[in-house]
Amino acid sequence: MIDLRRYADREHLLLASYAMHSSDSAGRAQHEPPHAYRGPYGRDRDRILHSSAFRRLSGKMQVFTGEMGTYHRTRLTHTFEVASVARTLARVLRLNEDLTEALALMHDIGHPPYGHCGEDVLSECMAGVGGFSHNQFALTIVEELEQRYHAFAGLNLSAETLAGQDTRAHKSEAAVGRAPLLEVQIVDAADSIAYDAHDVDDALQMGLLSIDSLSELAIIRRAMDRVRQKAGNLPMGPTRQLLVHELIDLQVSDLLQIAVELLQTAQGMSADHVRDAGIRLHHSDSLATERRELERFLFDAVYRHPRLLPVRESAAHRVSVLFGTLTRNPMRLPLRFRRRAELVPLARVVGEYIAGMTDRFCDEQFASLDHSTGGPLADW
């Protein structure tokens with residue numbers, strides 16, 4: 001048996017005072033004895049990594065659907081990219097890397113099929129039961145729907161991991177007053193950094209954007225200047241890849257520079273004291289303005305691109321028809337969800353069932369509406 005006091009000693013030596021230390025965790029809803037050689041957040045990370053919801057991310061597209069090729073990101077590859085950026089930030093700032101990674105791996109597991117389109121349609125279909133939020137659904141998955149233990153539902157994650165995801169589900173409330181844990185803040189920043197850069201990459205590779213059109217944006221010009229200084233003029237392929245690298249590095253470097261300055265005043269403060277002080281990490285004013293410009297451009301030029309709209313409409317139709325059919329005929333739900341509908345409003349249960357699907361699984365269940373015997377659809 002390994003003496004877990006050594007784990008606390010290691011964190012005391014490596015982590016800043018304002019990091020979330022494992023010894024200060026509020027624990028789990030269902031008490032469990034400490035693990036022999038893993039801290040609480042390392043256990044959370046592993047539970048998320050081994051969950052079925054996490055594996056299904058490989059079949060959920062980020063922005064573009066599988067009908068548009070295979071190069072672009074899935075929710076799974078995006079999640080690993082977010083975790084990589086977040087771990088870098090945590091290590092430099094001496095925050096808790098285990099908690100950071102657990103939060104990063106969990107952050108997108110509530111996304112429905114077909115990217116942003118799937119969420120928009122489910123939000124409309126579920127308006128009568130409060131709408132749909134992928135961030136809130138992630139909590140439902142890890143607290144209720146995952147079936148990993150015989151003694152309780154869900155993954156029984158640490159209070160801090162659950163609270164971090166709850167912050168994502170209530171961003172407007174979290175933006176004022178007491179600040180979230182720093183580990184929560186850097187995962188949110190890493191998510192934004194990753195998807196901005198990688199949506200640029202995917203859109204360029206698919207021919208939805210050109211370097212010339214992107215170069216109207218200040219942050220792209222700045223990144224391209226760094227590319228040319230290091231490598232000169234290159235063909236499109238290498239240029240695109242270097243551009244993505246510089247976009248990420250620009251944003252990470254800027255955030256770290258501001259964070260290091262902010263946290264100089266937090267030396268000796270605990271994680272709770274930093275939260276009470278309202279310390280919030282952010283980019284410099286100039287880069288924040290440039291990032292907003294990039295995101296507005298991506299929304300108009302990529303997410304509403306003419307090539308993407310018919311694909312979105314087709315996907316929206318499948319989700320809408322599935323939702324309508326299952327709410328009118330709940331006996332077509334898998335047994336587990338029919339039982340859940342005895343305790344939870346039917347519209348919410350139908351939405352949860354659809355939201356847990358991969359893109360392909362959703363296609364298959366849609367096809368089954370007309371080509372099956374009328375029995376229950378398959379469980380995921």
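Predicted model: local features only at pLDDT ≥ 70, side-chain atom pairs only at ≥ 80, totals over all residues.
Biologist: Why is the contact between arginine 38 and aspartate 46 called a salt bridge?

Modeller: Their closest N and O atoms are 2.7 Å apart. The cut-off is within 4 Å, so the pair counts.

Biologist: What makes aspartate 46 buried or exposed?

Modeller: Its relative accessible area is 17%. Buried means under 20%, so aspartate 46 is buried. Arginine 38 has 25% relative accessibility and therefore counts as partly exposed.

Biologist: Which network does this pair belong to?

Modeller: Salt bridges with shared partners join Arg38 and Asp46 with Arg45, Arg87, Asp98 and Glu101.

Biologist: How do you know that arginine 312 and aspartate 120 link distant parts of the chain?

Modeller: Arginine 312 sits in helix α16 and aspartate 120 in helix α6, 192 residues apart. Their closest N and O atoms are 3.3 Å apart. That is within 4 Å, so this is a salt bridge.

Biologist: What makes up the lining of the largest pocket?

Modeller: Ten nonpolar, five polar and eight charged residues. Gln185, Asp188, Ala189, Leu281 and His282 lie nearest the centre of this pocket.

Biologist: Which element gives the most to that lining?

Modeller: α10, with eight residues. The pocket holds about 750 Å³ of space.

Technical notes. Residues numbered from 1 in each chain as written. Heavy atoms only, no water. 1 Å grid on protein atoms, 1.4 Å probe; cavity = no way out; pocket = protein on both sides within 12 Å on 5 of 7 lines; lining within 4 Å. Points joined across faces, edges and corners; volume = space filled by probe spheres on them. Helix = DSSP H or I, 4+ residues; strand = E, 2+ residues; numbered from the N terminus. Nonpolar A, V, L, I, M, F, W, Y, C, P; charged D, E, K, R; others polar. Salt bridge = Lys/Arg side-chain N within 4 Å of Asp/Glu carboxyl O. Buried < 20%, exposed > 50% of the residue type's maximum accessible area, 1.4 Å probe, protein only.
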